Amino acid sequence: MTVSPQPASVRTLDTEPDTEPVLNKGGQGSELVGRSPGQLMWRRFKRDRTGMVSAVVVLMFFVVGLLAPVISWLYGKDPYTLYGQESLDLLDDFSFPTGKFGGMSGEHWFGIEPGLGRDIFIQLVYGIRNSLLIGLAVTAATVVTGILVGVTAGYMGGKTDYWLGRLIDFLLAFPSTLFFVAFMPVVVALFVSPEDETPTYVRVLALFLVLWFLGWMGLARLMRGETLSLREREFIEAAKVSGAPPWRIIRKELLPNLVTPILVQSTYMLPAAVTAEAGLSFLGVGLLEPTPDWGRMFALAGKVYENDPTYMFFPGVAMVIFVVCFNLLGDSLRDAFDPKAGR
Amino acid sequence: MSNDTTTATADAGTPLRDAVPGTALLEVEGLTKHFPIYGGFPVKRRVGAVQAVDGIDLAVHEGESFGLVGESGCGKSTTGRLLTRLLEPTGGRITYNGQDITHAGRKQLAPIRSEIQMIFQDPYSSLNPRQTVGSIIGGPMEINGMNPPGGREMRVRELLETVGLNPEHYNRFPHEFSGGQRQRIGVARALALEPKLIVADEPVSALDVSIQAQVVNLLQNLQRELGIAFLFIAHDLAVVRHFSQRVAVMYLGKIVEVGDRDSIYNRPRHPYTHALLSAVPEATVTAARDGEGRERIRLAGDVPSPINPPSGCRFRTRCWKAQDRCAKEEPPLIRLGGNREGHLTACHFPEEPTTAAREEDVILDPALLAAEKGTGAGSAGPVGKVDR
Ligand SMILES: Nc1ncnc2c1ncn2[C@@H]1O[C@H](COP(=O)(O)OP(=O)(O)OP(=O)(O)O)[C@@H](O)[C@H]1O
Ligand code: SF4
Ligand SMILES: [Mg+2]
């Protein structure tokens, strides 16, 4: 036998690390708390200029949306008052703003709405607020649904996976825009009879429901795929071998590894939900007058652009900035999270 | 459980020279795992099965180190996963400490989960990248409600030291470690529950050769110090040689030869064992014999598909001694005349119990044969055909 005698105590043997630990790079030698993958991503993200700028802009939109009442108070205008009707020199005989550039002035920063004569700036602020809040709620609901369905399908496999997969296929095959337009009145009618006037919260709820109903499948598919591949990883088996119940495996082993795709996907889903909401309002099936809405501003802008092209400008630019920044943020997050960048 | 059926098992009462005396901790009879294959259009239905493990018997004794060796794809990992009940057996029986766990559910397994642990092959996928070393090793204790004196954290630090890592690494994440270090973390996790049996599925084959020895040494010492029984899975005989008192050689879902270390390494009877031994690097095998040369056998091609294994003896498509009988009759795993007790071989025409050099090389690979033309045109029997 070539086995050499071994030291008696297990503690003393072979304690040399086989290779130099990969940490200790960059002069962090004394730091004994390891950096989590999340911390590493944050560091990578912070270095990404585009990502940081996008993040700040996106944050601005949220701040504007959330603080709309404060802004309204500071600005001294509200979104319902018909300023154009109150002071007769703001709108001309054809109800178009009298001033240059849609009536922009120190008083009305973004001008005056043609027709009713409301203040465009505060309309936009409240419009962003409403669209953003609905989009946020829809995104939260679709993300939760997507995670639940996807992880269930991926983790359970078999028949469950098969039927959930078919359901996803079925819903994905729906022509979504057509469905939204066609079903908004139907869903509204579920809550109030067509004769009565529809309260705004019912319309909001209906918008939320239709957008949620057809919004979760993409994420569910992604979650299913990720779960399927994670399920085969040996650390899941290790957890099973030590007797971990399925719930613990999902919570402690699976979900932490799904945070990245969830976060990245959500940053793509939110602007999609916001634009979908705006789109429905644009088509006249979303929020109705007098509730301020981002999308409906485009509808009006489309009607008046020949005589008052400025009206399109601010909602349009805001929307473009919003969507572009959100997508850039999503890309930056994905890059920062990319496991290939640092193992 | 000495039974005199043809598929005899390495039975518990057999006195083995190197074996640690003890009762069988884990016993397996006729263990089978067939993975169904579905196909067909438009209605999917079962069209066949991967016979990954097909009726194996083995017993691991308390404190013993048992080696399971075979080529890639022969069902070793499947066997390990069946024993740890990560997979549901298609047939056969698994008994742990007298308790039938063949089809036990998660709840029934709970009390013995802590006693059978596993070390995995891939150090990269066996540790959750989102958990600290502390929670990776401490997790099993938490699940099993173990509260060691001094607290779990204390115990984890102790375990880290046991496996040769710095206890200060408690709060670090797996990506901060090298392959060998990760494998040590995996070992510490397996030790956390103070198991009686560890199934180690090729624990070093993903590591650098220089590091392999260190990890094997670590495992060997743990096995001795802590008296843990090991089922050590490997794809070549060299790794297992110093580690295991008993070794089973597996081929295409079946055990073809099992015996104590000396029998397998110095008196192998099955042609496949001979072939595997000749693939072991020179230095390790000829240690006992002074470089007088040894047999050279090179196996042709791949292992045949476990979906449609050869009839009779599964090794016959690559065996240089194969005859008609081998195709018709499956050789039983029995003790051959001249073999020690507990040394069982499944072959109709076994080789001589020696590993001395042959006069001519057996070359079973047509490509190799062409490359070395003239040097040894298959002295013993037909040159193996690459089946495909
Ligand atoms: N879940 C599965 N479904 C279908 N077939 C499987 C499954 N797991 C393993 N197999 C098949 O079973 C056979 C044995 O696989 P196994 O992983 O046990 O081999 P192995 O001896 O561990 O090989 P290696 O040395 O490459 O790890 C292979 O043919 C493999 O393709
Ligand atoms: S039974 Fe026949 S084919 Fe199988 S190993 Fe023995 S000699 Fe070879
Ligand atoms: Mg394997």
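Q: Which residues of chain A does UniProt list for "transmembrane region"?
A: The unreviewed UniProt entry gives residues 51-75, 132-155, 167-192, 204-223 and 311-330 of chain A. (UniProt positions follow the numbering used here, feature names are shortened, and annotations may be inferred rather than shown by experiment.) This is a predicted model: local features need pLDDT of at least 70, side-chain atom pairs count only at pLDDT 80 or more, and totals for chains, interfaces and linings use all residues. Residues are numbered from 1 along each chain as its sequence is written, chains are lettered from A and ligands numbered from 1 in the order in which they are written, and side-chain values use heavy atoms, without hydrogens and water.

Q: OK, how much helix is there over residues 132-155 of chain A?
A: That span is 100% helix and 0% strand, and its end C-alpha atoms sit 33 Å apart. (Helices, H or I with at least four residues, and strands, E with at least two, are DSSP runs numbered from the N terminus.)

Q: And residues 204-223 of chain A, how far apart are the end C-alpha atoms?
A: They lie 28 Å apart, and the span is 85% helix with 0% strand.

Q: Which residues of chain A does the "domain: ABC transmembrane type-1" annotation cover?
A: In the unreviewed UniProt entry, it covers residues 128-330 of chain A. Over that stretch the chain is 82% helix and 0% strand, with 20 Å between the end C-alpha atoms.

Q: Let's zoom in. Where does Thr145(A) lie?
A: Thr145(A) is in helix H5 of chain A, which runs over residues 120-156.

Q: Buried or exposed, and why?
A: Thr145(A) counts as buried because its relative accessibility is 16%. (Buried means under 20% relative accessible area, exposed over 50%, partly exposed in between, with a 1.4 Å probe and protein chains only.)

Q: What is Thr145(A) in contact with, leaving aside its neighbours within four places in sequence?
A: Trp212(A) and Trp216(A). (Contact means heavy atoms within 4.5 Å.) Thr145(A) and Trp212(A) are 67 residues apart in sequence, yet their C-alpha atoms are 8.8 Å apart in space.

Q: What joins the side chains of Thr145(A) and Trp212(A)?
A: A polar contact of 2.8 Å. (That's a pair of N or O atoms within 3.5 Å; within protein, one must be able to donate a hydrogen and the other to accept it, and residues adjacent in sequence count only if both atoms are side-chain atoms.)

Q: Stepping back, how many helices and strands does chain A have?
A: Chain A has 13 helices and 0 strands. Of its 343 residues, 45% count as buried. Among contacts in chain A between residues at least 6 apart in sequence, 71% join residues at least 24 apart.

Q: And the secondary structure of chain B, what does that come to?
A: Chain B has 12 helices and 14 strands. Buried residues make up 58% of its 388 residues.

Q: New topic: which residues come nearest to ligand 1?
A: Of the 14 residues around ligand 1, the nearest are Ser72(B), Gly73(B), Ser77(B), Thr78(B) and Glu202(B). (Near means that one of a residue's heavy atoms lies within 4 Å.)

Q: Which part of the protein supplies the largest share of that shell around ligand 1?
A: H1(B), with 3 residues. Strand S2 (45-61) and helix H1 (76-83) of chain B each give at least two. By class, the shell has 5 nonpolar, 6 polar and 3 charged residues. (Ala, Val, Leu, Ile, Met, Phe, Trp, Tyr, Cys and Pro count as nonpolar, Asp, Glu, Lys and Arg as charged, and the others, Gly among them, as polar.)

Q: How far is an oxygen atom of ligand 1 from the side chain of Glu202(B)?
A: An N or O atom in that side chain is 2.8 Å from a ligand 1 oxygen. On the backbone side, an N or O atom of Gly73(B) is 2.7 Å from a ligand oxygen, and a polar backbone atom of Cys74(B) is 3.2 Å from one. The protein covers 62% of the 640 Å² of accessible area that ligand 1 has on its own.

Q: Where is Glu202(B) found?
A: In the loop between strand S7 (197-201) and helix H6 (209-226) of chain B. Glu202(B) is buried, since its relative accessible area is 9%. Its phi is near 45 degrees, a positive value in a residue other than glycine.

Technical notes:
Areas by Shrake-Rupley, 256 points an atom, 1.4 Å probe, with all protein chains shown as cover.
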